[in-house]
Amino acid sequence: MNNETNILNLKSFSGSLVACFQKFKNEHDLDYDEVMIFMALGGLNFEPSTEGMMYVKPASTVALVSYLNIPRETLRRKMLLLEDRGLVQRSGSGYTVKSMKVWLQFDELLTRLNLSVDAA
């Protein structure tokens with residue numbers, strides 16, 4: 001592929017990704033940081049086990065701050081808001097996405113916009 005093709009592909013991809021973020025943001029009354037934190041949390045929460053099943057692993061504040069490279073206080077405020085909106089829950093060992101169904105809505109949006117999680 002030449003540079004022009006790469007630029008056009010990236011332009012299309014970035015436009016679709018922004019549209020996906022906007023739709024999810026609007027549906028859940030979030031800002032972009034909150035969408036990113038919510039998506040990152042799910043990415044840290046859901047792990048395959050050795051038996052081929054999925055399990056949920058709470059993510060600590062330290063893990064999220066490190067993963068997203070954002071200030072701890074910013075994360076704390078945003079997590080409180082996400083918790084108030086019913087999107088995440090806090091336990092003694094960290095945070096988890098409260099509903100896998102809501103987290104998977106992002107994948108459905110990507111699919112509708114012809115973006116593939118499998119291609120990532």
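## Terms and model

A residue is called buried when its relative accessible area is under 20%, exposed when it is over 50%, and partly exposed in between, using a 1.4 Å probe and protein chains only. Accessible areas come from the Shrake-Rupley method with a 1.4 Å probe, and for residues only the protein chains shown count as cover.

The model is predicted: local features need pLDDT of at least 70, side-chain atom pairs count only at pLDDT 80 or more, and totals for chains, interfaces and linings use all residues. Residues are numbered from 1 along each chain as its sequence is written, and side-chain values use heavy atoms, with hydrogens and water left out.

Side chains of opposite charge can pair when their charged atoms come close. A salt bridge here is a side-chain nitrogen of Lys or Arg within 4 Å of a carboxyl oxygen of Asp or Glu. The count by this rule is seven.

Glu73 takes part in a salt bridge with Arg76, at 2.6 Å from N to O. Both residues belong to helix 4, three residues apart, which is about one turn of the helix. Helices (H or I, at least four residues) and strands (E, at least two) are DSSP runs, numbered from the N terminus. Glu73 also meets Arg77 in a salt bridge, with an N to O distance of 4.0 Å. Arg77 and Glu73 are separated by about one helical turn because they are four residues apart in helix 4.

## Links between other parts of the chain

Asp29 and Arg85 form a salt bridge through their side chains, at 3.5 Å from N to O. This pair links distant parts of the chain, 56 residues apart: Asp29 is in the loop between helix 1 (3–28) and helix 2 (32–45), and Arg85 is in the loop between helix 4 (72–84) and strand 3 (88–91). Asp29 is exposed, with 52% relative accessibility, whereas Arg85 is partly exposed at 35%.

A network of salt bridges links Asp31, Glu34 and Lys78.

## A nonpolar surface patch

Patches are made of residues with over 30% relative accessible area and no salt bridge; like charges are joined within 9 Å, and nonpolar side chains (Val, Leu, Ile, Met, Phe, Trp, Tyr) within 5 Å. Met54, Met100 and Leu104 make up a nonpolar patch on the surface, and together they have about 270 Å² of accessible area.

Leu104 lies in helix 5 (residues 100–112). With a relative accessible area of 37%, Leu104 is partly exposed.
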